[in-house]
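Here are a few exercises to work through with the model open beside you. Try each task before reading its solution.

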Amino acid sequence: MFIEFVTFATIIPMMDHDMQNIVPEPVLIQQLKASSEKAFDEIYNLYAGRLYAFCMKYIKIREDAEEIVEDVFVKLWKIRKTIRQQQSLKALLFTMAHHAIISSYRQTLSSPEYAAFVSIRERSDASDASSLVEYNEFVDHLHHEMSLLPNTQQQVIYLSKYEGLSNEEIAQKLNLSRQTVRNQLSVGLKALRRSLLPLSALFLFFMS
């Protein structure tokens, strides 16, 4: 069974294959579409370590990164027959990993910050990646600026953007009018925009 084939306890980052030993990607895709486990194994050996390293940049928890990589390859096998012959395996695998990372963080209170951070990374040129703030620094900066807001604005933003409550639900929870909630949310987000203006993607997220 395939599940037995891909089951593993840990994922260890792997060295790239000797370039002379790598099967051309179009051939791998053709073989994978034909349900070749050998081709799947070759793809796994080629990309598992890279995907693990990519996930660890954001997840920071080994077990969670391993689980995402495993899920990516399970999904790859499931969709193998629908992969386009001209499709890039690298792009496909990293896109699936990226989506899995965001889905993982949407289950935590850090999801708004993380989604905004990833958005910033994606909107920036690769050559500028080294100049971007790291995720933890990004969160610390946001939390600091949030702490400077009046208490009501902090509460309204938290309930709206972190817990996903509607203005009506926030009004009931905080015993405020809906208009007050709208005003406090608007004023608070504008204050954050001014203080964190260079990180414009954050506000595309928060204002959505």
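## Surface and fold

In this predicted model, the protein chain exposes about 12,100 Å², with carbon and sulfur atoms supplying 52% of that area.

**Exercise 1.** Find how many helices and strands the protein chain has, and what share of its residues is buried.

*Solution.* Begin with the secondary structure: there are 11 helices and zero strands. Next, turn to burial: 40% of the 208 residues count as buried. Finally, look at the contacts with a separation of 6 or more: 62% of them join residues 24 or more positions apart.

**Exercise 2.** Work out how helix 8 is oriented relative to helix 10, and which residues meet there.

*Solution.* Take helix 8 (residues 151-162) and helix 10 (residues 178-195): their axes come within 9 Å and cross at roughly 95°. Angles of 65 to 115 degrees count as roughly perpendicular, so helix 8 is roughly perpendicular to helix 10. Now list the contacts. Helix 8 brings Thr152, Gln153, Val156, Ile157, Ser160 and Lys161, which meet Val181, Gln184, Leu185, Val187, Gly188, Leu189 and Leu192 of helix 10. Sorted by class, this contact holds seven nonpolar, five polar and one charged residues.

Terms used: Residues numbered from 1 in each chain as written. Predicted model: local features only at pLDDT ≥ 70, side-chain atom pairs only at ≥ 80, totals over all residues. Heavy atoms only, no water. Axes fitted to C-alpha atoms, helices over the stretch in contact; angles between N-to-C directions. Helix = DSSP H or I, 4+ residues; strand = E, 2+ residues; numbered from the N terminus. Parallel < 35°, antiparallel > 145°, perpendicular 65-115°, else oblique. Contact = heavy atoms within 4.5 Å. Nonpolar A, V, L, I, M, F, W, Y, C, P; charged D, E, K, R; others polar. Buried < 20%, exposed > 50% of the residue type's maximum accessible area, 1.4 Å probe, protein only. Areas by Shrake-Rupley, 256 points an atom, 1.4 Å probe, with all protein chains shown as cover.
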